[in-house]
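Keep the structure open beside you as you read.

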Amino acid sequence: MKEIKINTLIYTSENRFGLKMHQINKYPLFCFQLPRDVLGELKEEKLAQKPGIYFLLNRENINIYIGQTDNIFERLKKHIKDKEKDWFDEICFFVTEEDMSLTNVNYLEYHYISEFKKNENKAWRCNNNQQPNKPKLGRFEQPDVDAFIEGIDCYLLALNISTKNQLSDKTSNEHTFSFKKCKGRYKNGKFIILAGSSFIDKYDSVIQSLDKHCKRYNGQMERLKMFQGEINNLILDQKARRNNNNIELIYDWQINSPSKAAAIVACSYAINGWTVWKNYKGKSLDDMYRKNIDNN
């Protein structure tokens, strides 16, 4: 699939970080992505007062809720006050400069609830209790809605929210491995850390600490500097981003070995990736690949 490059503007205030607005030039859509606790930063944002479709997310528990409204900001404020929705920690919503019609946002809600419910046993768990009826579109409305869906699908795929790039079956789950807050897969001797993974950026402090000690740590320090350089290149290429003290992957990252991938995630000179990357059953890469090979 062709890589989509997203231009990202990062909104920050003195004490809060993490509100982002994305736009792909091909589509007349604005995508906002933000942690739950920074919604107040949108109070003066005119685009946030418009009709649109929104997604409430918890990536760790793979839960998602989809809704539509004639005023994004006001509806999200109500959700944050709702104790039954205290599970979500991330918000993603879509609006246009020219207001979407009520029929359009109703159709988008219907479409994405249908898509996520259809795939919920394979990907996200959809927390919508009811399936809306399918709105009837006029002959001249269908092209607009099709364009919105095409654009939203591109954003969701790039932000690792789409049903289309989630795991397809239990076999795939067995071959997806986790370490800290990262997920990855082993393929042809290489390890791929998946988009949406994140890890703590503590390279500066660790390198400074090593630099204060004797020269025997020079090799470790140089290796960590190499890892840090690779991370910085990803950020420059807009394939990853910094969010507070975390590095978040926007795209999959292929690395030469599972051990190097684990070392990068842990900010460590060396770590045995064959034992620390584990699937949902608790089986390591070593269990799934090396031992299987030995037993055969």
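1. Let's begin with K180: at 58% relative accessibility, K180 counts as exposed (exposed means over 50% relative accessible area, buried under 20%, and partly exposed in between, with a 1.4 Å probe and protein chains only). You will find K180 in the loop between β8 and β9. Phi of K180 is near 55°, a positive value in a residue other than glycine.

2. A word on what you are looking at: this is a predicted model, where local features need pLDDT of at least 70, side-chain atom pairs count only at pLDDT 80 or more, and totals for chains, interfaces and linings use all residues. Residues are numbered from 1 along each chain as its sequence is written, and side-chain values use heavy atoms, with hydrogens and water left out.

3. For an overview, the chain has 9 helices and 14 strands (DSSP runs numbered from the N terminus: helices are H or I of at least four residues, strands E of at least two). Of its 296 residues, 47% count as buried.

4. β8 and β9 (residues 182-187) pair in the antiparallel sense over 3 bridges (two strands pair if DSSP finds at least two bridges between them). Here S178 stands opposite K183 in β9. Both strands belong to an open sheet of 4 strands with antiparallel pairing, in the order β8-β9-β10-β14. Its edge strands, each pairing on one side only, are β8 (177-179) and β14 (253-255).

5. Now look at C267, in the loop between α7 and α8 (273-276). C267 has a positive phi of about 55° although it is not a glycine. Is C267 buried or exposed? At 7% relative accessibility, C267 counts as buried.

6. Helix α7 (residues 258-266) holds K260. This lysine counts as buried because its relative accessibility is 14%. Leaving out residues up to four places away in sequence, K260 touches R223, M226, F227, E230 and I255 (contact means heavy atoms within 4.5 Å).

7. Finally, do look at the lining of the second largest pocket, whose residues divide into 5 nonpolar, 5 polar and 3 charged (Ala, Val, Leu, Ile, Met, Phe, Trp, Tyr, Cys and Pro count as nonpolar, Asp, Glu, Lys and Arg as charged, and the others, Gly among them, as polar). β5 (63-69) and α2 (102-118) each supply at least two residues of this lining.
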